[in-house]
Amino acid sequence: MTEGESLDRLQALVAAARAAGADAADAILARGASLSVARRLGAVEKVERAEELDLGLRVFVGQRQAIVSSTDPDPRGFAALAERAVAMARAVPEDRFAGLPPDTPRFTPPALDLEDPAEPDVAALTERAAMAEDAARAVPGVSNSEGAEAGWSRTAVALVSSAGFAGAYARTGHSLSVSALAGSGTGMERDYDASSAVHLGDLEDPATLGRNAGERAVRRLNPRRPATARLPVVYDPRVAASLLGHLSAAINGAAVARGTSFLRDALGQPVLARGLCVRDDPTRPRGLRSRPFDGEGLPGQPRAVVENGVLTTWILDWRSARQLGLASTGHASRGVSGPPSPGTTNLWLEPGTLSPAELMADITEGIYVTELIGMGVNGLTGDYSRGAAGFMIRNGALAEPVSELTIAGNLRDMFRAMTPASDLRFRRGTDSPTVRVEGLTIAGG
C-alpha cells in the first residue's frame, strides 16, 4: 500500500465516522515490516520476519470519545467500524478536555532523512551478529555468550483528521546488540553493548560493540560491596540517560495536570544547575525519534526544555494543554488503539566542557555507575532509591568493581547537583553525557 493509498483510505474512514454521527474524528494507519537474526555460540538460534498493518479510529460525539482498532484496511468494512465507534462514544462519560486541536496549521514537513532504502537480507544480518559475537568471545576472560542479535525494520505511519490534517511518513531502523559472560559458576558477570540507527551507515561497528561487551564483562569480575557512605556518584552515559527520563516524566503535561509530579509548580523556576540545558528536537535529521508531525497532526519544533537551569516548558499534547490552559507543544504520541498522550522525542542533556576523566579527577572516593536495577522513584515526591553496580572511584580513577549497592537521594537535589561531561553521543533517543551528581547516599555492606 502506497502513502497515497493509505491517506485515501483514512479519508474514507473519517468520512464514514462523520456519516455515522461523529462530530469529529481522526484515523491512523501503521504498517510495519521487520527482520531479525539471533546468533549464540557460533550458531544461528532464531530468524524472525514479521509484517503487520494496524488501523485505528478515534471518534468524538460531543465531548465523549471512543477508539476502535482493526487489522483490516478494506473500505467495505469502514461503515460498520465507524458505527461501532460512535455507539461506544455515546455510552461513555463526557470528558470536558477531549477533542481534536481546533486549528491544525498547514506546514511543510521538514526533510528528516528517516528512510534508508537498503533492506538487508538474512545473510547480511547473520554476518553482522557473527562479527559482534566473535569479537566478544575473543576477549580474554570471556567464558560464555548470551549471543548477538541484528535487526532491521521499516514503519510507515499515516494520519488523517476531520480538522483538515493529512500526513504520512516512514522510518527505517537498524539495530545490533551483543551480550557476553565472564567468569564461572556463581562468580559469573555479564555485560553488553548495543547500537541503533535509522541508516545502516550510522550503525556502530559490530566488532567494536562485541569487544566492548566482552571487556566490560571481564572488568566486572569479583565485585565487592562498598561501605555505606555519602559520596559523589558518576553515571555512565548509558545510565545517565535515566536521569533525563525521570525529568521528562516529571514535566509531562498529563502528570502535571493530575498534580502527581514533584515539579508541578516548577515552571519558570531553576530545576537544574545554572548553565545546564536540556533539549528536545523532533526535527533532528536521522534522529531515532524524529518525526515530521506529532500524533495529532501538529508540527514539533526544537525546544530548550531547560535553559540555563530553568524549566521553560511542559511536555504537552492537546488534552493536557487544555487542562493547563496552555497550547500543545506538539508532543502527542499515540498508537492505533489508545488516545494520544504527551511524550518527548529526541531528548538530550547538553554536554559540559570537562572530559569524563577530568570530571572525576578530584574525587578521592566515589562510585561510577554502569548499571541500575529496579524503579524505586516516587514521582510525587522525587524520592530516589535504585539498586546499582559499577566501580569505585579512588583518587580520580576507576578502581575495583562493586555491586549490591543502593543509591538514594531526592531528584530535586540531584538535578541541582548535576555536572555533565563533554562526551555526549546520540545513541538512544534520550541521551546524556557522563554525569556527576554530588552527595548521594550509598547503602552497601
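Is N222 buried or exposed? At 67% relative accessibility, N222 counts as exposed, and we return to this asparagine in one of the views below. Please keep in mind that the model shown here is predicted.

**View 1. The whole protein chain, to get your bearings.** Nine helices and 19 strands make up the secondary structure counted in the protein chain. The C-alpha trace spans about 70 × 55 × 35 Å along its principal axes. For 445 residues, a compact globule would have a radius of gyration near 22 Å, and the 24 Å of the protein chain agrees with that. Of the 445 residues, 51% count as buried. The protein chain exposes about 19000 Å², with carbon and sulfur atoms supplying 49% of that area. Among contacts between residues at least 6 apart in sequence, 73% join residues at least 24 apart. As for charge, there are 47 positive and 53 negative side chains, and the centres of the two sets lie 4 Å apart.

**View 2. F165 and F293, an edge-to-face aromatic pair.** A search of the whole structure finds four aromatic pairs, and this view shows one of them, F165 with F293. Their rings sit 4.9 Å apart, centre to centre, with 65° between the planes.

**View 3. W348 and F426, another edge-to-face pair.** W348 lies in strand 13 (residues 347–349) and F426 in the loop between strand 17 (418–420) and strand 18 (430–431), so the pair ties together parts that are 78 residues apart in sequence.

**View 4. N222 and N395, two asparagines with positive phi.** N222 has a positive phi of about 60° although it is not a glycine. Its place is in the loop between helix 4 (206–219) and strand 7 (229–235). N395 likewise has a positive phi, of about 50°, and lies in the loop between strand 15 (383–394) and strand 16 (397–410). N222 is exposed at 67% relative accessibility, and N395 is exposed with a relative accessible area of 63%.

**View 5. L209, a buried leucine in helix 4.** L209 has 0% relative accessibility and counts as buried because the cut-off for that class is under 20%. Which residues is L209 in contact with, leaving aside its neighbours within four places in sequence? They are L176, V178, D193, A194, S195, E204 and R427. For one of these, D193, the C-alpha atom is 5.5 Å from that of L209, although the two residues are 16 apart in sequence.

Technical notes: Residues numbered from 1 in each chain as written. Predicted model: local features only at pLDDT ≥ 70, side-chain atom pairs only at ≥ 80, totals over all residues. Heavy atoms only, no water. Helix = DSSP H or I, 4+ residues; strand = E, 2+ residues; numbered from the N terminus. Rg over C-alpha atoms; globule rule 2.2 N^0.38 Å. Buried < 20%, exposed > 50% of the residue type's maximum accessible area, 1.4 Å probe, protein only. Contact = heavy atoms within 4.5 Å. Areas by Shrake-Rupley, 256 points an atom, 1.4 Å probe, with all protein chains shown as cover. Lys, Arg positive; Asp, Glu negative; His and termini not counted. Charge placed at Lys NZ, Arg CZ, Asp CG, Glu CD. Phe/Tyr/Trp six-rings, centres within 6.5 Å; stacked < 30°, edge-to-face > 60°.
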